[in-house]
Amino acid sequence: MSDEEIWDKEMTMAEFKSLDPVLQRKRIDTSLMRKVAELQRWAAKGVPQGFDWRKVGASRVKLRKWHDPKKKLWAWSDDAPDHPRGRNRGLVSKWRKARDLLRVNRSATLRPVKEILAEKVRALELQNILLIAEKSALEMRLRRAEEILTIKGSTVALRRKRRDANALPSN
């Protein structure tokens, strides 16, 4: 019997504990990798109809308990293999991304380039409209400030004229 046949099959806890520790680790890590791949597939292509992904992949605990012998997905109880800072942190990061995509019900597939460019064009058009409106408002404020200064300047000039006219002639 090869190593794969020994560790990659349905087994009881006693059978699992009798495995070599290297094979135990291999079984858990491989199962985690398969589970993450399945969730990534669902995030990209959609969850099978009638299946609730939250029951198996919404949390680390549910991911750990997910057991599906047909897909060779095995459960484990130790939280070290799926710890965010553990040996499989890259897989856990991929699981989180797939889970987040599934939560918002968005596909991880790429959007068409035309769609992305059209969105950018709309954003730039809106930015231009806002900048034109801001420029117009600033020009209006500048005109008002100039008018106020002209009026104040005229008032100051008029006051000087009156003051000079009322002043006694100096010898």
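## A pair in helix 3

Welcome to this structure: R25 and D29 both lie in helix 3 (residues 21–45), four residues apart, which is about one turn of the helix. Helices here are DSSP runs of H or I with at least four residues, strands are E runs of at least two, and both are numbered from the N terminus. What you see is a predicted model, in which local features need pLDDT of at least 70 and side-chain atom pairs count only at pLDDT 80 or more, while totals for chains, interfaces and linings use all residues. Residues are numbered from 1 along each chain as its sequence is written, and side-chain values use heavy atoms, with hydrogens and water left out.

R25 and D29 form a salt bridge, and their closest N and O atoms are 3.8 Å apart. The term stands for a side-chain nitrogen of Lys or Arg within 4 Å of a carboxyl oxygen of Asp or Glu. R25 counts as partly exposed because its relative accessibility is 43%, whereas D29, at 18%, counts as buried. In these terms, buried means under 20% relative accessible area, exposed means over 50%, and partly exposed is in between (1.4 Å probe, protein chains only).

## From D29 to N88

D29 has another partner to look at: its side chain makes a polar contact with the side chain of N88, at 2.9 Å. A polar contact is a pair of N or O atoms within 3.5 Å; within protein, one must be able to donate a hydrogen and the other to accept it, and residues adjacent in sequence count only if both atoms are side-chain atoms.

Where does N88 lie? Look in the loop between helix 5 (60–65) and helix 6 (89–103). N88 counts as buried, because its relative accessibility is 10%. Leaving out residues up to four places away in sequence, N88 touches D29, L32 and P81, where contact means heavy atoms within 4.5 Å.

## Two side chains reaching backbone oxygens

Now find R89, which lies in helix 6. With a relative accessible area of 52%, R89 is exposed. The R89 side chain reaches the backbone oxygen of G86 at 3.0 Å. R89 is also in contact with H83 and P84, once neighbours within four places in sequence are set aside.

Q24, back in helix 3, also points to a backbone atom: its side chain reaches the backbone oxygen of L19 at 3.3 Å. Q24 counts as buried, at 19% relative accessibility. Not counting residues up to four places away in sequence, Q24 touches F16, K17 and L19.

## Other salt bridges

How many salt bridges does the structure hold? There are 13. Side chains of opposite charge can pair when their charged atoms come close. One of these bridges joins D52 and R54, with 3.1 Å between the closest N and O atoms. D52 is partly exposed at 30% relative accessibility, and R54 is partly exposed with a relative accessible area of 43%.

Another salt bridge brings together the side chains of E139 and K135, at 3.0 Å from N to O. E139 and K135 both lie in helix 7 (residues 113–166), four residues apart, or about one turn of the helix. E139 is partly exposed, with a relative accessible area of 36%. Elsewhere, salt bridges link R60, R64, D79 and D82 in a network.

## Aromatic rings

Rings of Phe, Tyr and Trp (its six-membered ring) pair if their centres lie within 6.5 Å; planes under 30 degrees apart count as stacked, over 60 as edge-to-face and the rest as tilted. By this rule the count comes to two aromatic pairs. W42 and W66 form a tilted pair, 5.7 Å centre to centre with 35° between the planes. This pair links distant parts of the chain, 24 residues apart: W42 is in helix 3, and W66 is in the loop between helix 5 and helix 6. Both W42 and W66 are buried. Ring pairs join W42, F51 and W66 into a cluster.

One more ring is worth a visit: R99 lies over the face of W95, 4.6 Å from the ring centre. A charge sits over a ring if NZ of Lys or CZ of Arg is within 6 Å of the ring centre and within 35 degrees of the ring normal.

## Confidence in the model

The predictor's confidence in each residue, from 0 to 100, is its pLDDT. The protein chain averages a pLDDT of 87, and 92% of the residues score at least 70. Among the elements of the chain, helix 5 has the highest mean pLDDT (95) and helix 1 (residues 3–7) the lowest (70). Where pLDDT is low, the predicted coordinates should not be read in detail.
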